4 protein chains.
Amino acid sequence: CLNLPLTPSLGVTEPRISCSGELELKTTLRELVVYLIFLITLCLVTFGMVSTNMYYLNEVMSRLFLERSSAEDHGIDFESIRNMADFWKFAEGPLLDGLSWDKWYGNTTSALQENTSHIYYENLLLGVAQVRQLKVRNNTCSIYPYFQNFTKDCYSTYHYIAEDKSDFGLKNGSEWKYTSARSLSPWYWGAAGFYSSGGFMFTLPKSKEESREKLEFLRQNGWLTRGTRVVFIDFSTYNANVNLFCIIRLVVEFPATGGAITSSRIYSVKLLRYISFYDYFLASCEIAFCLFIVTFIIQEMIEIKKLKMAYFRTVWNWLDLLLVAVSILAIGFNIYRTMAVSLLMEKLLSAENIYPDFYFLAFWQILYDNMIAVSVFFAFMKIFKYVSFNKTMTQLSSTLSRCAGNICGFAVMFFIIFFAYAQLGYLVFGPQVEDFSTFLNCMYAIF
Amino acid sequence: CLNLPLTPSLGVTEPRISCSGELELKTTLRELVVYLIFLITLCLVTFGMVSTNMYYLNEVMSRLFLERSSAEDHGIDFESIRNMADFWKFAEGPLLDGLSWDKWYGNTTSALQENTSHIYYENLLLGVAQVRQLKVRNNTCSIYPYFQNFTKDCYSTYHYIAEDKSDFGLKNGSEWKYTSARSLSPWYWGAAGFYSSGGFMFTLPKSKEESREKLEFLRQNGWLTRGTRVVFIDFSTYNANVNLFCIIRLVVEFPATGGAITSSRIYSVKLLRYISFYDYFLASCEIAFCLFIVTFIIQEMIEIKKLKMAYFRTVWNWLDLLLVAVSILAIGFNIYRTMAVSLLMEKLLSAENIYPDFYFLAFWQILYDNMIAVSVFFAFMKIFKYVSFNKTMTQLSSTLSRCAGNICGFAVMFFIIFFAYAQLGYLVFGPQVEDFSTFLNCMYAIF
Amino acid sequence: CLNLPLTPSLGVTEPRISCSGELELKTTLRELVVYLIFLITLCLVTFGMVSTNMYYLNEVMSRLFLERSSAEDHGIDFESIRNMADFWKFAEGPLLDGLSWDKWYGNTTSALQENTSHIYYENLLLGVAQVRQLKVRNNTCSIYPYFQNFTKDCYSTYHYIAEDKSDFGLKNGSEWKYTSARSLSPWYWGAAGFYSSGGFMFTLPKSKEESREKLEFLRQNGWLTRGTRVVFIDFSTYNANVNLFCIIRLVVEFPATGGAITSSRIYSVKLLRYISFYDYFLASCEIAFCLFIVTFIIQEMIEIKKLKMAYFRTVWNWLDLLLVAVSILAIGFNIYRTMAVSLLMEKLLSAENIYPDFYFLAFWQILYDNMIAVSVFFAFMKIFKYVSFNKTMTQLSSTLSRCAGNICGFAVMFFIIFFAYAQLGYLVFGPQVEDFSTFLNCMYAIF
Amino acid sequence: CLNLPLTPSLGVTEPRISCSGELELKTTLRELVVYLIFLITLCLVTFGMVSTNMYYLNEVMSRLFLERSSAEDHGIDFESIRNMADFWKFAEGPLLDGLSWDKWYGNTTSALQENTSHIYYENLLLGVAQVRQLKVRNNTCSIYPYFQNFTKDCYSTYHYIAEDKSDFGLKNGSEWKYTSARSLSPWYWGAAGFYSSGGFMFTLPKSKEESREKLEFLRQNGWLTRGTRVVFIDFSTYNANVNLFCIIRLVVEFPATGGAITSSRIYSVKLLRYISFYDYFLASCEIAFCLFIVTFIIQEMIEIKKLKMAYFRTVWNWLDLLLVAVSILAIGFNIYRTMAVSLLMEKLLSAENIYPDFYFLAFWQILYDNMIAVSVFFAFMKIFKYVSFNKTMTQLSSTLSRCAGNICGFAVMFFIIFFAYAQLGYLVFGPQVEDFSTFLNCMYAIF
């Protein structure tokens, strides 16, 4: 019982039935209570990031831009685009209608600002929308001798190496000249390729009439060519009522097989914080969270010093390190995000007719949210560490540890069979069924 | 065998293999028979509340008001409402068509009463329909400095505190003046809020033409504003053929994100009783049921007096008390319902152009039906108490009681993992997938 | 070993390890072979009754009459009938179009007989189609005093007792006068009632124009009244290519709740036999089958005489008796069917403009087919009797017989809980969800 | 330890704990490594055959020819064909539109070759499309005496024996004269028959206008008769971008029951190889694969010579033989395919207006791909042979081998019950439900 002060405070993994049992139980219980307070703070902070409004904002936006409206039927909607002519019909019809809401539905005078577009009357269109395409060069694939009489040109599937970066068409504007990708912008993983973030781009003017003329001009001058492999339509909105940005990306891929494949990303994110009282409450939770993290870091460092390499042998300690690392990353990203939004907004306020690239910010925000969600999941798992003094609780873990060897052997056998089935599915059903069209889909479908 | 008179008559839970076994078995069998008679009476009373006609009434009503009719195509149906303009189109088109059936389908003279509307020729529209909206005040949320140049107004999501109760528009009728909620009316739990039962309300005149004019007048005078968060359309019908009321509520929410979310409640309830011979048979069952309940109350009181605190240690006794409590509540509600319907009907008979609020009655009736259904479920479970003299029957319960400790330990572990998964689902999929859009939905989906 | 001649030849149920083991095994094997030959004969006979053409005939017929044709759009199809006006639209539009195919699709002269209708050019319409309605009397339910000012009439749900059999309308033809049901015609089990086979009926003339005029005349004279509860449309076709009758019944119920519920029965049956060579092969199988049955009957009678009451204690013997009984019934029905078809056809050949009631024949044929199918299933099960000399084969049955007591106890508990859940589902979800709309549906859904 | 040289190098199935354990382990490990290299080569070769582009090519082609286009609505699409008139509508409308893409979507001058059709601008139509029908003779079935007054003609379901090969109509071209089947062409397994590959055939001219005139001429001259049982539309395209052939067959069956059943086959196959660098890499893998196969053949022959009949008692050896046989077949088919394509292409280059029959090649290619896929699956399974020195790995196989007897007994019982259920399902649900419409479907559905 004398060695009690020496037992590590955060390393209790196995139930020790010692003479100091009762004292130890008290220590563990105190630790459990402290950990639960930390967990509640963490949950408050993370749950403050999402709200049900995000779902509804995504929902109404996808209804407006992706589904066919019964009221004004253009004969086409986004998901029924099948070739380039359909794309122009969509862009000049449903897209422009969805972007331009310049007056209130009745005869009443509009209470909204001049020269701005409020989608559904509540979502301010930030700046203007951007259209961007990526092309591949001619002769990026070789034609078999038999067919050289019939087809002279050959445009391969999209690949960064095959990308066409040379000027084309009228050669006198950004829509005919290649613009390089920004370093931070994420590439887009489409159905038929992994697309870079550069390309031939233009913005749609604020006025609906001007936009339609611009689109018609580009259509007639052949902006979409046989080499075009993908077109992106990007725009962002801000809803002041619920303090949410909605970043929308509509993607039409024109694969080398002909036809068109559509996809879309609609992200509702909370990029601005600290407006309402609830936000300030969250801010105080965040400060408490930072304090907890500092305490944890000190505690872990003391333990590492004391236990040296033995520290890294316990799985709980790895979990502690992971939580600390994720927390530091989270704090860092929060600071960066606040700065980036501020810069973008200032740029937007100075010049109205530019496209503000919130997409890369939304992309990282979503990734960050998912990372945090996984961390909170592991933080929940850590409760097991503290309840392991109970006998029932340890049954599961001890059972698992004893049959680990057999499970490994079984896992090897399982994965051989699993891969065998996956390749069978890919080879046999791959060309016919969407679930088996790539090897990754295949493994997912079989799993 | 001498302590037989002391054994409680309704507290036999464990098989006692005593010298008085045979005598006891007889007692138990007699009790079982009495209990089965009670159960049959109870089933007759509860099954008398519902009928297959309820399902068909709900079905034909939802087809008429929610689905698009192929015959008269207005280009809009209830479920495709996406903004306020669509709402007016629905109200002036399918809604008015559905409410007004003033003549028989052929050229034959109508056998129906003048100045009344019989939906599907069989369902009398009770009084008139009511339309009601709830609004939120301007500036109930704060706009971030960046956006104050673009948007001056800010209407938050609906919350009772943010509700706008001030007059607006023409300020000269109930449609422009706030009416407070009645105390008993239930609030409505919509997708984007929990709505009070007050609001700005108006009724639709009996004549289709007048209704259309009124709706057009309100549309042009801007009855729906940017602050409008929800509109309710309420009406009730009575079908004399099957003696059923049908209470219909169509709800269009206009969330702070823009767009519209539709939902509906269609309740077919039997509010009037004792018309047909079958009803009188049910009435006699109800009297038998009351007698049973009185007997039970006396029995239980005797036992409580005899056993004192020991009485509350057996789970069967708690079940007895629950059944008695629910039964008394049920009898009370029946008396109240009969009186409330009578009052509403008298009011309606004196003045035809009012909206009779059957919705709150239907709401409580449905809640009451569900409560009764759960009680009958427990009453079925009580049979196990009487069949426990059989050895096979007790195996299950004894197995359960022995592993109770381990099950509790497992339950704790299960719920930690369950909550961890639920929060993971909410944070990761919440903004995209409807099943995960609220934390409750999330837990339900994972469960 | 001396009592071998006394062992029953068809009653071997338990493996007897006796000195006469080998001899017995041989007997059993010989019996098995004989039984397998019988089974093959039986399978040939039953499989000769059905063919894949039946499925395709049902499929093309249901497409023609139930689904909306894209070519000629009448704005209505059978399944979207919602009220009486819709019914007339369907009858005067898609129904008449489906029934009348008087010329070949091109300009070529028709090779088909004058004055007949060949649906899809291959299915001869037998006689004419019949339309039949059932009504209920006025005042078959009582109106609550409150509502007697609003509605004078009350037509209850359909019940045989409430049926209206008095003349109505013009009172001068079978469409206005009640015709009683034929004794053999099956009643129709609809969604909202169990309908008798009598009613007010009329036939549609062969000419499309005359049919349309007749339907219009009936519509304008109010043939469908508020008391109408169901309308049946019946007709039959014969396909000479595949020698199949197709009997079609379209049902529109007008429940007391208002609105309409549609259902249909399309039966393809082989009522005529012995045309092709394959049919003659089947006929020889049928003769073989009859001989087998005669042998079996004699065998069983001998055994009954020998064993007396002990015979009825073995479950295999009951199976034998069942098979014999079903076989005799089958032979009898075959003779009756042949005679009935012959009578109907002769009647039809003498007068073309009558409706030949093949529906009752098809109904019994389908019932008979199902009965035979179940019998063949049991005949398959009987193989187990002969393979029970193998040890492995008896494991299953001996396991089952030992735990029979516990299974019974469990079954009682299971059914109490099952019924408790079923009533819960019926009371709570009954009025809203179709799967729970009747107690039978409920039990099925929970099962 | 002395008998080590005698142990077969590829026949180790059971873990032998002998004095030579370590040496043997080494041998086995070396064999495992060699086998893994072989497996990787095999995977590279087989995965080189398929690509995600195949799926997209199938997808866009089926969208174009099978689904209704929203842009140009002909009121009919392939899957809604219900009778012969619909077939002509489809052929003259959506089919011709899908086949003819003679100019670029905008006003820009076409960069494509004159007089060729590029579907979706990227898929060269190879030669012309072919339409082919199969008929049955009149009086191939007998009409029952009752009906001989109504119908004179009787055309049975399609069967090779009943096929009508005589000239008909104008009798002056391949469309009116029977052409026999080529020997290698596969028969088509349709819903209502197994169709030969001959028939009455014609090709559609390159020009859209001429095609329409030809189709109209045939329609008016009654090319489709009552005896017509199936029509095939066949054509092939080549996509130079992704080096894939797409072979399309649209099938409309007109069963003897009347009506029409549609089906289709769209095969994307890689018939030409060795164009890109990746192809050359695959070619080197193929050479490595051939070398491996030669080594294997030698190894197996040595073993067979050594072990004689004992060789055939091990299941692993059978697997080896299977792999070797399939590999030889694969190499042979590759050589044949290359030659066949070359011949077809040369024929096509010399005369443009013929129909090149790639269908039979695609059919065999797909069969070959599936065979290879199954072989690779078994090749994966063979890894177990090498990992059987591990104790855990052998548990599964030893468990299986011990209970083989009982499993066999159970299997017999299972199949009796399985067949009993299958026939029950076929007899009872066969005429109504598609899943049970044939006995094979039935067994599949029950399984």
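This is a predicted model: local features need pLDDT of at least 70, side-chain atom pairs count only at pLDDT 80 or more; totals for chains, interfaces and linings use all residues.
Start with chains C and D. Their contact draws on 61 residues from chain C and 62 residues from chain D. Putting the two together buries about 5400 Å², and carbon and sulfur atoms give 66% of that area. On the polar side, eleven residue pairs are in polar contact between chain C and chain D, counting pairs with both residues at pLDDT 80 or more. Two salt bridges also turn up across this interface. One of them joins R226(D) to E122(C), with N to O at 3.0 Å. As for who supplies the surface, helix α2 (residues 52–66) of chain C gives the most to the side of chain C that touches chain D, namely nine residues. Sorted by class, that side of chain C holds 37 nonpolar, 18 polar and six charged residues.

Next comes the interface of chain D and chain A. Here 62 residues of chain D and 63 residues of chain A take part in the contact. The buried area is about 5400 Å², with 66% from carbon and sulfur atoms. The salt-bridge count across this interface is two. E122(D) pairs up with R226(A) in a salt bridge, and the closest N and O atoms sit 3.0 Å apart. Polar contacts between chain D and chain A come to eleven residue pairs, both residues at pLDDT 80 or more. Helix α2 (residues 52–66) of chain D provides the largest share of the side of chain D that touches chain A, at nine residues. The class breakdown for that side of chain D is 37 nonpolar, 19 polar and six charged residues.

How do these two copies relate?

Finally, the cysteines. Over all chains, the count is four disulfides. In chain A, C141(A) and C154(A) form a disulfide, with 1.9 Å between their sulfur atoms. The link of C141(A) and C154(A) is left-handed, at -105° about the S-S bond. Both C141(A) and C154(A) lie in the loop between β2 (123–135) and β3 (188–189) of chain A, 13 residues apart.

Key. Residues are numbered from 1 along each chain as its sequence is written. Chains are lettered from A and ligands numbered from 1 in the order in which they are written. Side-chain values use heavy atoms; hydrogens and water are left out. Contact means heavy atoms within 4.5 Å. Buried area is the accessible area (1.4 Å probe) that two parts lose on being put together, summed over both. A salt bridge is a side-chain nitrogen of Lys or Arg within 4 Å of a carboxyl oxygen of Asp or Glu. A polar contact is a pair of N or O atoms within 3.5 Å; within protein, one must be able to donate a hydrogen and the other to accept it, and residues adjacent in sequence count only if both atoms are side-chain atoms. Helices (H or I, at least four residues) and strands (E, at least two) are DSSP runs, numbered from the N terminus. Ala, Val, Leu, Ile, Met, Phe, Trp, Tyr, Cys and Pro count as nonpolar, Asp, Glu, Lys and Arg as charged, and the others, Gly among them, as polar. A disulfide is a pair of cysteine sulfur atoms within 2.5 Å.
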